[in-house]
Amino acid sequence: MPDAVSLAGRLAVVTGASRGIGAAVAETYAAHGANLILSAMSNTAAVECLGEELSGRYGVSVDVATGDIAHPATASALAKLAFSKYRRLDIWVNNAGVLIDGLIGMIPDADIDKTLATNLAGVVHGIQAAARLMQRAKAGSIINVASIIGRFGNVGQVVYGASKAGVIGATLSAAKELAPSNIRVNAIAPGFIDTDMVRKLPAEKYGERMRSIGMARIGTPQDIANAALFLASDLSTYVTGQTLGVDGGMVI
Amino acid sequence: MKDRVNKVFLEVIGIDPAIDSEKLVYSEIPGWDSVAHMALIAALEEEFDCMLDMDDIIDMSNYDKALTIMAKYA
């Protein structure tokens, strides 16, 4: 039986790849043989360092690009790089995102704009760019990183929750539209994951979140990367339009 | 270049521009809806081994515009 988890020879684009979940997804894909195009907003040194490390360790090709995914040109440039260098695109992970908390009545317009532009419009830009290349091959997997907050909401996260709920809605619609082209579109909804984002939380809030996790441990970026591997690989060839909660039984 | 564009239109939209190019207007004929448009774009990109800019995809609203746009990529 062929190795259904292998990504050998495939090309994956991962946005927000300089750290946390994006970096873990990139490494997991590289470990399974995928060539990579990694994108980061500004942390060029970190993503270049990761690219060199993965290339050396796993013998895959890694390209790196920087740009704000809120701008349509960034996703377009990533797709053009995939086209010009590889003439293919198999996997696109829309992971880049921002988390800006704010209580109702105290949310600056700029925070609303930035959150929706990055977390939601950025995903739509990515879907559009990816679908065009994938439609040629009549195959591909688009994976959108949503959030448990987008499924159930949370105090102080009206905008973040709206953006991530929007990601789930975009996933559902794109899955329907792209299914005839054999392009799968799924979302992952992480719970409380050990990244730079959550380390900024006050101790009290951090403890409260930990107590809400059924499995009584914080999730790791690798937990998310494993789900992203499943959705990218041939193990999930008949899975589309789904939102996979990876949250250790967290209840908000 | 024109022959290659015509070939793609015939294959995807089902109308030969050499015979009836005036009919070829986006969303005014049953065969050229939004789904067919993306298939047309994919086929043109395949034929010309290029990747169209988003503005060009949106602007390609009839056959004549398609010719003008594809001339940039030929």
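The contact takes eight residues from chain A and six residues from chain B, two residues being in contact if their C-beta atoms, placed from the backbone, lie within 7 Å. On the side of chain B that touches chain A, helix 3 of chain B gives the most, with four residues. That side of chain B comprises four nonpolar, no polar and two charged residues; Ala, Val, Leu, Ile, Met, Phe, Trp, Tyr, Cys and Pro count as nonpolar, Asp, Glu, Lys and Arg as charged, and the others, Gly among them, as polar. The model is predicted: local features need pLDDT of at least 70, side-chain atom pairs count only at pLDDT 80 or more, and totals for chains, interfaces and linings use all residues. Residues are numbered from 1 along each chain as its sequence is written, while chains are lettered from A and ligands numbered from 1 in the order in which they are written.

Helices (H or I, at least four residues) and strands (E, at least two) are DSSP runs, numbered from the N terminus. Helix 4 (residues 109-137) of chain A packs against helix 3 (residues 34-48) of chain B at an angle of about 75°, with their axes 9 Å apart. Helix 4 of chain A is therefore roughly perpendicular to helix 3 of chain B. Axes are lines fitted to C-alpha atoms, for helices over the stretch in contact, and angles run from 0 to 180 degrees between N-to-C directions; angles under 35 degrees count as roughly parallel, over 145 as roughly antiparallel, 65 to 115 as roughly perpendicular and the rest as oblique. Arg132(A), Gln135(A) and Arg136(A) in helix 4 of chain A meet Met38(B), Ala42(B), Glu45(B) and Glu46(B) in helix 3 of chain B. By class, this contact has two nonpolar, one polar and four charged residues.

Within chain B, helix 1 (residues 2-12) and helix 5 (residues 63-73) pack at an angle of about 130°, with their axes 10 Å apart. Helix 1 of chain B is thus oblique to helix 5 of chain B. Lys2(B), Val5(B) and Phe9(B) in helix 1 meet Tyr63(B), Ala66(B), Leu67(B) and Met70(B) in helix 5. The residues of this contact divide into six nonpolar, no polar and one charged.

Chain A contains an open sheet of seven strands in the order 3-2-1-4-5-6-7, with parallel pairing; two strands pair if DSSP finds at least two bridges between them. Strand 3 (62-66) and strand 7 (243-246) of chain A stand at the edges, each with a single partner strand, so one side of each has no neighbour in the sheet.
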